[in-house]
Amino acid sequence: MKVRSIVASIFLFVLMCAAVGFAFTPMDIKALHKQAWQKVVEMAVADRWQAKMALYASRTLMVKHPELYLLNDRMYIHIFRKARGIIKFKEISAEDPLFFSHRREERVLWMSIIRSLRGSSRGVLSGAKTFSWGYVKNFSVYNPAPLRAFYPGESCWFNVLDLRLPFFWNTLWNYDKKIPIISLGEGRFLKALDEGHKDAYLLVTDKGYAYPYYAGSLHDWRTGGKISAIPSDGGKVMLVMNTRYVWYPLFGRDDRDKDEVLKKVVRDYCRKGYIPELTTFERTIVSKLRKVTEALGIKGKEWIRVAAGHIFGQRVLCSSPETYDIYSHFLPADLWWSRRPVHTSSESVLYIVSMESYILSNALSPAGAVLAAVLKENISNPAGALSSLSKRYLSWFRLTRGFPGRRWFDNWEPTMDDKMISSASNCRIEAANVASAFWIVQPPWNVFMPNWDANGRGGHVIIGIYTKGYAALLSNAKFVSGKGPLYAFHYHHGPRVVFANVIDVKSLDFVVFQENLRWSWRRLHYKDTMWSSMPLFKTVNFTKRLWKLEPGFRVADKWEGKMWSSFDNFNLWVSNVGKKRFVKVKISIF
């Protein structure tokens with residue numbers, strides 16, 4: 001009966017595809033989803049830093065250190081429970097409680113939180129409150145649903161490989177008050193920790209359910225009431241963890257000798273050495289993940305924690321002293337070269353780290369494979385490919401003021417998986433989300449993701465293509481034909497020019513044209529020079545390629561308003577800097 005139901009569902013989807021003009025099938029989507037997993041894992045095996053971070057940014061449970069997810073989620077709740085200003089509403093609702101439309105209000109709120117954390121009442125928003133578990137009313141305001149229900153119906157889903165523990169703070173903000181079942185269980189675990197239950201553990205099953213254990217008892221994820229055992233429809237426990245100790249036979253973790261509570265929980269509620277049933281493909285991938293998700297060295301663990309916590313928001317990137325004080329204890333220290341309240345080299349490096357790891361993380365998302373299938377279906381028609389990709393992506397989200405989603409508090413950076421839950425949105429997110437499809441498919445086009453400036457009014461990240469005399473771009477996932485991503489087109493407030501970074505989406509090569517170059521042919525600071533993932537000669541050729549594709553391509557210095565208007569100027573700059581003063585970086589952090 002079950003087989004007939006699956007066959008009928010596939011047949012119905014094929015008919016629907018034909019009806020709306022899409023020729024791809026569930027088998028196509030599955031093949032692309034498998035391809036994405038294979039490519040990212042192979043990059044991680046090859047010791048590529050983007051891929052290792054992407055695995056943890058995806059929040060997949062198929063990692064060696066899943067406790068980092070709980071550690072980061074607890075850190076956010078701890079900050080927001082102390083920070084006056086984080087809550088400006090009476091209760092959790094569907095009315096954009098935390099998603100501000102005005103950037104000034106957002107910044108004021110952020111500084112309110114920072115000052116509150118530093119023990120100062122100065123500048124704190126009047127009437128502001130801290131986060132309290134009372135706002136979620138014992139989670140009764142939410143409608144729990146399986147994680148798979150948050151993805152498009154045609155998504156491919158591997159039963160074990162695609163099990164995830166979503167970033168918890170993001171799961172609280174959903175239009176329809178929906179929350180993943182696994183997140184509801186985690187929420188009760190985090191609440192128990194806040195209430196002082198030192199014996200708290202989270203039990204995760206092979207069906208994607210999570211049950212909290214605390215106060216000497218197992219508790220139901222739905223009601224929070226005590227239960228004697230995992231219900232038969234809840235699956236079998238494959239993972240037990242808190243923020244320190246883990247029992248995870250699938251990944252060879254067993255800390256029972258370090259904690260008596262863990263030993264008791266495993267004895268009472270788990271099957272000895274239980275490993276969930278894996279497909280041949282999952283078994284192959286997991287065997288590699290056991291090795292590549294092991295963090296080696298202090299720096300590697302720092303970077304993995306940054307990725308697992310999605311700690312790439314704009315308020316983090318603006319490396320002001322206040323931000324430094326909050327995040328320095330878990331951000332890699334060598335990025336914080338300056339504590340001035342301006343964008344520095346550290347922002348540009350963090351930008352590249354986040355964007356490239358997020359492109360790969362989004363490629364692992366079940367939604368990423370759907371976008372890849374749309375792109376691949378139309379690969380012979382570039383305009384049709386980008387137009388179809390835009391339509392499919394936008395159809396998943398409500399439009400708020402014309403944008404596919406809503407703004408959020410910028411102290412974390414959502415992935416595509418986060419957006420499927422909360423609709424959290426900005427230009428960086430939209431660009432990285434759709435970029436995953438281009439990276440998976442590798443179309444025969446030039447595909448770039450640049451960062452723009454609008455006459456000092458702020459940056460804007462887009463993605464676009466050049467191919468055989470045709471150019472197009474996606475701005476906030478909206479299709480714009482005839483203009484390439486490097487073109488200084490008029491967008492709302494006037495012409496924009498590239499001012500910081502250009503990423504080649506297919507190869508993940510990049511050049512960072514610094515934001516505060518402090519231009520002077522007689523004086524060029526070491527810390528304010530150019531960054532690249534390539535050797536010097538390749539960097540020069542990369543830049544030649546940009547100007548060849550877009551002769552009007554310009555690079556701006558945000559702070560002094562100067563710009564490069566031709567490749568000759570770039571050559572002059574390189575020759576004046578000289579080999580010793582030019583900084584080329586091949587980032588390898590593990």
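The largest cavity has a volume of about 50 Å³. A cavity is a set of points on a 1 Å grid over the protein atoms alone where a 1.4 Å probe fits but cannot get out; its volume is the space filled by probe spheres set on the points. This is a predicted model, where local features need pLDDT of at least 70, side-chain atom pairs count only at pLDDT 80 or more, and totals for chains, interfaces and linings use all residues. Residues are numbered from 1 along each chain as its sequence is written, and side-chain values use heavy atoms, without hydrogens and water.

**Cavities**
- The whole structure holds two cavities of 30 Å³ or more.
- Residues lining the largest cavity (an atom within 4 Å of a point) include Arg59, Tyr151, Arg164, His310 and Asp417.
- Helix 16 (residues 416-422) gives the largest share of this lining, three residues. Helices are DSSP runs of H or I, at least four residues, numbered from the N terminus.

**Lysine 52**
- Lysine 52 sits in helix 3 (residues 49-57).
- Lysine 52 is buried, at 13% relative accessible area. Buried means under 20% (1.4 Å probe, protein chains only).

**Helix 15**
- Helix 15 (residues 382-394) has 13 residues and reaches 18 Å from first C-alpha to last, close to the 18 Å expected at 1.5 Å a residue. The expected span is 1.5 Å times one less than the number of residues.
- Eleven of the 13 residues of helix 15 are buried. Among them are Pro382, Arg392 and Tyr393.

How values were computed: On a 1 Å grid over the protein atoms alone, a cavity is a set of points where a 1.4 Å probe fits but cannot get out, and a pocket is an open set with protein on both sides within 12 Å along at least five of seven lines; lining residues have an atom within 4 Å of a point. Helices (H or I, at least four residues) and strands (E, at least two) are DSSP runs, numbered from the N terminus. Buried means under 20% relative accessible area, exposed over 50%, partly exposed in between (1.4 Å probe, protein chains only).
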